[in-house]
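Subject: Structure for your review

Dear colleague,

Please find below the sequence and structure that I am handing over to you. A summary of what was found follows.

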Amino acid sequence: MNVTKVDHIGIAVKNLDEALKFYEEVLGIKCEGTEVVEEQKVKVAFLPVGDTEIELLESTSEDGPIAKFIEKKGEGIQHIALRVDNIENAIEEMKEKGIKMIDEKPRYGAGNAKIAFCHPKSTSGILLELSERK
Ligand SMILES: C[C@@H](C(=O)O)C(=O)SCCNC(=O)CCNC(=O)[C@H](O)C(C)(C)COP(=O)(O)OP(=O)(O)OC[C@H]1O[C@@H](n2cnc3c(N)ncnc32)[C@H](O)[C@@H]1OP(=O)(O)O
Ligand SMILES: [Co+2]
C-alpha cells in the first residue's frame with residue numbers, strides 16, 4: 001500500500017456554523033465549501049491548510065456516527081484520514097495483515113473520494129479513514 005499524505009483530520013462538532021466562526025474568524029482559515037454525505041449522516045465543511053485539510057463534521061441525524069461520538073466523548077477529533085493511491089489494494093492488504101476493517105469495500109465520501117474506515121481496536125485507538133481521490 002502506498003500512503004501519500006494526511007488527507008484530512010475529521011473533527012466532530014455540534015454546530016457547523018458556530019465551529020466555522022472559530023476556524024474562519026479566529027484562525028483565518030477559509031472554508032472551501034460544505035457538502036451533505038447522506039450515507040454517513042453528516043454535513044461536512046472543508047478547510048484546506050497547506051497540503052491537507054480540516055474536515056468539520058456535524059451530524060444530520062440522531063443515530064449517525066458523529067452524533068454517537070459526541071454523545072460518548074464530546075466534540076473533538078473523530079478520525080484521521082490518510083490518502084492512498086489504490087484503495088481496493090489497501091483494503092486487501094489491511095485484511096491480509098489482520099486489521100479489522102469497518103468497510104471491506106470502498107464507500108463514497110465527500111468530494112466523491114473513495115473511502116474505507118479501519119476499526120480503532122486495530123489501530124492503537126484512532127478511527128482511521130483511508131481515502132483515494134483523483
Ligand atoms: C464524509 C466522510 C469523508 O471524509 O469523506 C467522513 O469522514 S464520515 C465520518 C463519520 N463516519 C464514520 O465515523 C463511519 C465509521 N465509524 C463507525 O463505523 C463507528 O463510529 C465506530 C468507529 C465503529 C464506532 O461505533 P460505536 O460508537 O457504535 O462503537 P463502540 O462505542 O462500541 O466503540 C467501540 C470502541 O471504539 C472506540 N471508538 C469509537 N469511536 C471512536 C473514534 N472515533 N476514535 C477512537 N475510538 C473510537 C470506543 O471508545 C470503543 O472503545 P472501548 O471498547 O475501549 O470503549
Ligand atoms: Co473523513
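The protein chain has an average pLDDT of 97, and 100% of the residues score at least 70. Please bear in mind that this is a predicted model; its ipTM is 0.97 and its pTM is 0.97.

I begin with the strands. Strand E1, which covers residues 3–12, pairs with strand E5, residues 76–84, in the antiparallel sense, and eight bridges join the two. Within this pairing, Ile 9 stands opposite Ile 80 of E5. E5 also pairs with strand E8 (residues 128–132); these two strands run parallel and are joined by four bridges. Here Arg 83 is found opposite Ser 131 of E8.

One record entry bears on this part of the chain. UniProt, in an unreviewed entry, lists residues 77–104 as "coiled-coil region". In the model, the span of residues 77–104 is 36% helix and 29% strand, and its end C-alpha atoms lie 23 Å apart.

The largest nonpolar core consists of twelve residues, among them Ile 11, Leu 16, Tyr 23, Cys 31, Ala 45 and Ile 54. Helix H1 (16–26), strand E3 (42–49) and strand E4 (52–59) are the elements that each give two or more residues to this core. H1 provides the largest share, namely four residues. As a general matter, nonpolar side chains in soluble globular proteins tend to be buried together.

Leaving aside residues up to four places away in sequence, Ile 54 touches Ile 9, Ile 11, Tyr 23, Ile 29, Ala 45, Phe 46, Leu 47 and Val 49. Ile 9, in this list of contacts, is the residue that stands opposite Ile 80 in E5.

Finally, how many aromatic pairs does the count give? The count comes to one aromatic pair. The ring centres of Phe 22 and Tyr 23 lie 5.3 Å apart and the ring planes stand at 80°, so this pair is edge-to-face, given that planes over 60 degrees apart are classed in that way. As to accessibility, Phe 22 has a relative accessible area of 42% and is therefore partly exposed, whereas Tyr 23, at 13%, is buried.

With kind regards

Methods
Residues are numbered from 1 along each chain as its sequence is written. Chains are lettered from A and ligands numbered from 1 in the order in which they are written. Side-chain values use heavy atoms; hydrogens and water are left out. Two strands pair if DSSP finds at least two bridges between them. UniProt positions are given in the numbering used here, feature names are shortened, and annotations may be inferred rather than shown by experiment. Rings of Phe, Tyr and Trp (its six-membered ring) pair if their centres lie within 6.5 Å; planes under 30 degrees apart count as stacked, over 60 as edge-to-face and the rest as tilted. Buried means under 20% relative accessible area, exposed over 50%, partly exposed in between (1.4 Å probe, protein chains only). A nonpolar core is a set of buried Ala, Val, Leu, Ile, Met, Phe, Trp, Tyr and Cys residues joined through side-chain atoms within 4.5 Å. Contact means heavy atoms within 4.5 Å. pLDDT is the predictor's confidence in each residue, from 0 to 100.
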